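Subject: Handover of a structure and its description

Dear colleague,

Please find below the structure that I am handing over to you.

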Amino acid sequence: MNPPNKLEAIVLVGGRGTRLRPLTVTVPKPMLPTAGVPFLAHLFARARAAGVTRIVLATCYRSETFEESFGDGAGLGLELEYVREDEPLGTGGGIRNAASWLRSGPDEPVLVLNGDILSGHDLGAQLALHLSSDADVTLHLTEVPEPGRFGCVPTEPSGRVAAFLEKTQRPVTNRINAGCYIFRRSVLSEIPAGRAVSAERETFPALIERGARLMAYADDAYWLDVGTPSTFVRGSCDLVLGCLESPALPGRPGEALLLPGSSVAPDAVVCGGSAVGQGSVVGPGARVEGSVVFDDVEVGPGARVRGSALARGARVGDETVLDGAVVGEGSVIGPGNELRHGARVWPDVTLPAGAIRFSSDL
Ligand code: GDD
Ligand code: MG
């Protein structure tokens, strides 16, 4: 059996990140700057701390960006392999395709992770349960208020998984698939090769149907899928604030993370776990609260930015208000605009001064 300090992992990073557009028009979701580093750096650091030494990345959308950033992984204490799907193979197909690059033996445990999850759960405890219960697959489960948007996973009193209901309109429990599995390696070969397969809609139901031993590791640790603008912003802020510890955080937890080469006017306020990227400028009297500011962004004097994400090179004019907004790469929001409640500005758009206002009278 593999000792836990030699664990291999597959990380799924091939999705298009459509819910995070326009941020993902140019950058794949797992590479978005999150608390000062690409999102995946946090995931890698936690995996490394749990004993993972080799990771096979299942890439598809904008696949080249991953290797450009992480190389062979030596700088992270990891061995990284990149596997590219020409056409998206889905989660199950991506796992099957990446599995050919694994070196673990047939009975050894292999970790499989969704590439957009921030989790504080105890991977060592999940692995211990997997080994002690002689499971084929052990799934991490968490509880959420809206289970219909996830994979709903009812269990038996013994902890065995009873069913897997992906994005069902009638969830039978609030316990959902948290996107972190430990597979017995030989089970991965049961996934059909060479075609698109959904792990959630096809692989797990088929394994349950054939009587495979699927165990649940359920807990209430910190957990977040960063796949929407609001959860992406929250995840970055939580990391900056230290709500979830990350060995990859480039600094100490606190109200704000100001990356080297950023500048904040003496009377400006940056708080609520905001990160301000390299070369970005926050002007006099401006306030940036609970937001993610990528590199080379300008926040003009007196602007108010809250719960928002500003992509690389964005410019926010004087006295502009952004609340729950996303501004795409290189876009210019002229002075005096007011964007709220999920407003999304596509890359390279210029909004003239005072073009958009928000009225609460409607
Ligand atoms: N390689 C590859 N190929 N990866 C893919 C593909 C593909 O065709 N499609 C999606 N992925 C990756 C995404 O990049 C992401 O990291 C992961 O698979 C999950 O895809 P999402 O699109 O984020 O799925 P979801 O959030 O709607 O649902 C999944 O995660 C939930 C937990 O957050 C499911 O696994 C649910 O069951 C689960 O509850
Ligand atoms: Mg997701």
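Among the elements that cover the buried residues of H6 are H4, E8, strand E10 (165-166), E11 and E12. Contact here means heavy atoms within 4.5 Å, and helices (H or I, at least four residues) and strands (E, at least two) are DSSP runs numbered from the N terminus. This is a predicted model, in which local features need pLDDT of at least 70 and side-chain atom pairs count only at pLDDT 80 or more, while totals for chains, interfaces and linings use all residues. Residues are numbered from 1 along each chain as its sequence is written, chains are lettered from A and ligands numbered from 1 in the order in which they are written, and side-chain values use heavy atoms, with hydrogens and water left out.

The buried residues of H6 are Ala199, Glu200, Thr203, Phe204, Leu207 and Ile208. They cover an arc of only 130 degrees around the axis, which puts them on the same side of H6. Buried means under 20% relative accessible area, exposed over 50%, and partly exposed in between (1.4 Å probe, protein chains only); the arc is that of the directions from the helix axis to the C-beta atoms. On the face of H6 turned away from its buried side are the exposed residues Arg201 and Glu209. After H6 comes Gly211, with a positive phi near 85 degrees.

In helix H4 (residues 90-99), the residues Gly92, Gly93, Gly94, Ile95, Ala98 and Ala99 are buried. They pack against E1, strand E4 (52-59), strand E5 (79-84), E6 and helix H6 (199-209).

Helix H5 (residues 123-132) has Leu123, Gln126, Leu127 and His130 as its buried residues. Seen down the axis of H5, these fall within an arc of 100 degrees, so they line one face of the helix. Their cover includes strand E1 (7-12), strand E6 (109-114), strand E8 (137-143), strand E11 (175-184) and strand E12 (214-218). At the start of H5, a side-chain oxygen of Asp122 comes to within 3.1 Å of the backbone nitrogen of Gly124. Just after H5, Asp134 has a positive phi of about 50 degrees.

Strands

Strands of a sheet pair through backbone hydrogen bonds, either parallel or antiparallel. Two strands are taken as paired if DSSP finds at least two bridges between them. Strand E4 is largely enclosed by the rest of the structure, because 7 of its 8 residues are buried. E4 pairs with E1 in the parallel sense over 6 bridges, and Ile10 stands opposite Val56 in E4. E4 also runs parallel to E5, joined to it by 6 bridges; the bridge partner of Thr59 in E5 is Arg84.

An open sheet of 5 strands has the order E16-E19-E22-E25-E28, with parallel pairing. Strand E16 (269-271) and strand E28 (338-340) stand at the edges with a single partner strand each, so one side of each is left without a neighbour in the sheet. Within this sheet, strand E22 (residues 304-306) and strand E25 (residues 321-323) pair in the parallel sense over 3 bridges, and Arg304 stands opposite Val321 in E25.

His140 and the aromatic residues

His140 lies in strand E8 and counts as buried because its relative accessibility is 1%. Its side chain is joined to that of Asp219 by a polar contact of 2.9 Å, that is, a pair of N or O atoms within 3.5 Å; within protein, one must be able to donate a hydrogen and the other to accept it, and residues adjacent in sequence count only if both atoms are side-chain atoms. Beyond four places away in sequence, the residues that His140 touches include Gln126, Tyr217 and Trp223.

The whole structure holds 7 aromatic pairs. Rings of Phe, Tyr and Trp (its six-membered ring) pair if their centres lie within 6.5 Å; planes under 30 degrees apart count as stacked, over 60 as edge-to-face and the rest as tilted. Phe150 and Trp223 form an edge-to-face pair, with 5.7 Å centre to centre and 70 degrees between the planes. Phe150 lies in the loop between E8 and strand E9 (151-152) and Trp223 in strand E13 (residues 223-225), so the pair ties together parts that are 73 residues apart in sequence. Both Phe150 and Trp223 are buried.

Yours sincerely
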